[in-house]
Amino acid sequence: MGHGHNHGHDHPHGHDHGQAGHSHGPTLSASDTPEARRSKERAILIAAALTGSFMGAEVVGGLISGSLALLADAGHMLTDFASLMLAWFAFRLARRPADWKRTYGFDRFSVLAAFVNGLTLFAIAGWILFEAIQRLRDPHEVLGGLMLWVAVGGLVVNILAFWVLIRAEGDNLNIRAASLHVMGDLLGSVAAIAASLIIIWTGWTPIDPVLSVLVALIILRSAGAVLRESGHILLEGAPAGFDARAVAADLEATLPGVARAHHVHAWSITQERPMATLEVELAPGAVADDVRRAVKARVRETTGMEHVTVEVAVGLAREGGRDRCPEAGTVTRICPRKPVIAQS
């Protein structure tokens, strides 16, 4: 789980990226506090209970009525229940503290859960499309009345579950993936209601698989977005809006003590926990600690990122009004070029 960027140096003062209350740890956003996480965990569990409780009714109703829309929605609810439980487990696992093997803790598991949920959405949509084609080739009788009542019940349950989840979502990708699953169920219920009414009024049964295909296409679009974002985080992609080139250019242009900024890397543990590392070379006479604090403040101001590790390469640094070679601790006008690391 740990990020591999270290420039070949150690962390002598115990810089901790984990979740423990270390003074150098990441500042938690309002959506990433322990209470906020518990709220998300409760929301996931409530949504899972609502989804699982109605799933059986949809299976029975779909089999008796002969409705693909109901069976498709029931199948979706089954995978939704499993996906919601996976998302809930991810939040439970994230409670575990960081250790020497997993210095960032288990937060990233929630992103992995979101990625898996995105894949299951593709599988669900594929199954619905396959069944719809079969139904269009070989139409089945559909009992519109029973289908309508079951679909209405499913709509009510899905609206409740979706409402619980969107209230807790914030910027959490795991919650959003779970919300998309429930939204797919909700749309499936709407499609089933529309199909049942058309069957009752006109007797045209092909509307059932036709609307099922429409729901599947909507699910695919949402699943693609979840896969892209979760895959981006798993591949250590830069957080949204973070441009390493722009950050380096801004530091060089605005901070007099920075001669050069480079090796800028940014990634996210989760959407709520973005992090960055960078190296700066000091301008003549600059004080390393002052520059380091200024760089952190400037990056926080321009990107909103709270957790930034700054490495300061000291050539000729001014300390206490004298030019001092930091490695040797002696007063000199010429220092070795080997960088001295100042971190936070």
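The legends below describe close-up views of a predicted model.

Residues are numbered from 1 along each chain as its sequence is written. Local features need pLDDT of at least 70, side-chain atom pairs count only at pLDDT 80 or more, and totals for chains, interfaces and linings use all residues, while side-chain values use heavy atoms, with hydrogens and water left out.

**View 1. The elements of the chain.** The chain holds 8 helices and 6 strands, taken as DSSP runs numbered from the N terminus (helices: H or I, at least four residues; strands: E, at least two). From the N terminus on, their order is α-α-α-α-α-α-α-β-β-α-β-β-β-β. Of the 344 residues, 48% are buried, where buried means under 20% relative accessible area, exposed over 50% and partly exposed in between (1.4 Å probe, protein chains only).

**View 2. Helix H1 beside helix H5.** The axes of H1 and H5 (residues 173-202) come within 11 Å and cross at roughly 30 degrees, and therefore H1 is roughly parallel to H5. Axes are lines fitted to C-alpha atoms, for helices over the stretch in contact, with angles from 0 to 180 degrees between N-to-C directions; angles under 35 degrees count as roughly parallel, over 145 as roughly antiparallel, 65 to 115 as roughly perpendicular and the rest as oblique. H1 passes H5 in a left-handed crossing, that is, with the near helix turned anticlockwise from the far one by less than a right angle, clockwise being right-handed.

**View 3. Helix H7 against helix H8.** H7 (residues 244-254) and H8 (residues 288-303) pack with their axes 11 Å apart, at an angle of about 125 degrees, which means that H7 is oblique to H8. The crossing of these two helices is right-handed.

**View 4. Two residues of H1.** Gly 61, found in helix H1, counts as buried because its relative accessibility is 4%. Its C-alpha lies 9.0 Å from that of Trp 149, although Gly 61 and Trp 149 are 88 residues apart in sequence. Ile 64, also found in helix H1 (residues 34-65), counts as exposed because its relative accessibility is 53%.

View 5. Most residues other than glycine have a negative phi. Glu 236, in the loop between helix H6 (207-234) and H7, has a positive phi near 65 degrees, and its relative accessibility of 26% makes Glu 236 partly exposed. His 263, in strand E1 (residues 258-268), has a positive phi near 50 degrees and is partly exposed, with a relative accessible area of 40%.
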